[in-house]
Structures are given as structure tokens and as C-alpha cells.
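Visitor: I am new to this structure. Please take one part of it and give me a close look, starting with how the whole is laid out.

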Amino acid sequence: LTGWHDDYLIAECWWNQGKMVEAQPYAEKALEIRERVLGSHHLDVAMSLCGLGGICRDILRYLEDIFM
């Protein structure tokens, strides 16, 4: 799983700072690597999807706050 962990940690750092747009590409890359290496039905892939979903949810909430 070389590489996924670095991308995951970078995404997590951006997310913790409230910078979801910056976090999203790193979370996507981590998911892509995990899925390719582990297969789409692995628990770690599901956890990556959950994290990416959280980032997307937070981006949507931010946009709703701006435009509503």
C-alpha cells in the first residue's frame, strides 16, 4: 500500500484545518491506491470512501452556507 498513507495523512491535515477543497484530491488518490491494491470490497477501501464522503459533505455544507 505504498503511497496511500501519505496521501491520506495530507488529506487529513487539510481536513482538520477546514480546507476540504485542498483535502479532496489527496483523499481521492488514497482511495484510488487502496482500491487498486486491495480490491473494491476491502474494509479499508470502505473507510477511504467514508472519509472522502465526509469531505464532500463538508464542501457541500460550505457551499450551501455561501449561496443560501
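Guide: From the N terminus on, the elements of the protein chain run α-α-α. That is 3 helices and 0 strands. Helices (H or I, at least four residues) and strands (E, at least two) are DSSP runs, numbered from the N terminus. This is a predicted model: local features need pLDDT of at least 70, and side-chain atom pairs count only at pLDDT 80 or more, while totals for chains, interfaces and linings use all residues. Residues are numbered from 1 along each chain as its sequence is written, and side-chain values use heavy atoms, with hydrogens and water left out.

The C-alpha trace spans about 40 × 20 × 15 Å along its principal axes. Of the 68 residues, 25% are buried. Buried means under 20% relative accessible area, exposed means over 50%, and partly exposed is in between (1.4 Å probe, protein chains only).

Now the close look, at helix α3. This helix covers residues 43-67. It has 25 residues and reaches 36 Å from its first C-alpha to its last, close to the 36 Å expected at 1.5 Å a residue. The expected span is 1.5 Å times one less than the number of residues.

Start with the buried side. Val45, Ser48, Leu52, Gly54, Ile55, Asp58 and Ile59 are the buried residues of α3. They pack against α1 (4-16) and α2 (20-38). Contact here means heavy atoms within 4.5 Å. One α2 partner shows this well. Beyond its neighbours within four places in sequence, Leu31 is in contact with Val45, Ser48, Leu49 and Leu52.

Several of these residues belong to the largest nonpolar core. Its 9 residues are Ala11, Met20, Ala23, Ala27, Leu31, Val45, Leu52, Ile55 and Ile59. The elements giving two or more residues to this core are α2 and α3. A nonpolar core is a set of buried Ala, Val, Leu, Ile, Met, Phe, Trp, Tyr and Cys residues joined through side-chain atoms within 4.5 Å.

Asp58 has a charged partner. It meets Arg57 in a salt bridge, 3.1 Å from N to O. Such a bridge is a side-chain nitrogen of Lys or Arg within 4 Å of a carboxyl oxygen of Asp or Glu. Asp58 counts as buried because its relative accessibility is 16%. Arg57, at 39%, is partly exposed. The whole structure has 2 salt bridges. Another joins Lys29 and Glu32, with closest N and O atoms 3.8 Å apart. That pair lies within α2, 3 residues apart, about one turn of the helix.

Tyr62, Leu63, Ile66 and Phe67 make a nonpolar surface patch of about 450 Å². Patches are made of residues with over 30% relative accessible area and no salt bridge; like charges are joined within 9 Å, nonpolar side chains (Val, Leu, Ile, Met, Phe, Trp, Tyr) within 5 Å. Areas come from the Shrake-Rupley method with a 1.4 Å probe; for residues, only the protein chains shown count as cover. Leu63 is partly exposed, because its relative accessible area is 39%. An α-helix has 3.6 residues a turn, so residues three or four places apart point the same way.
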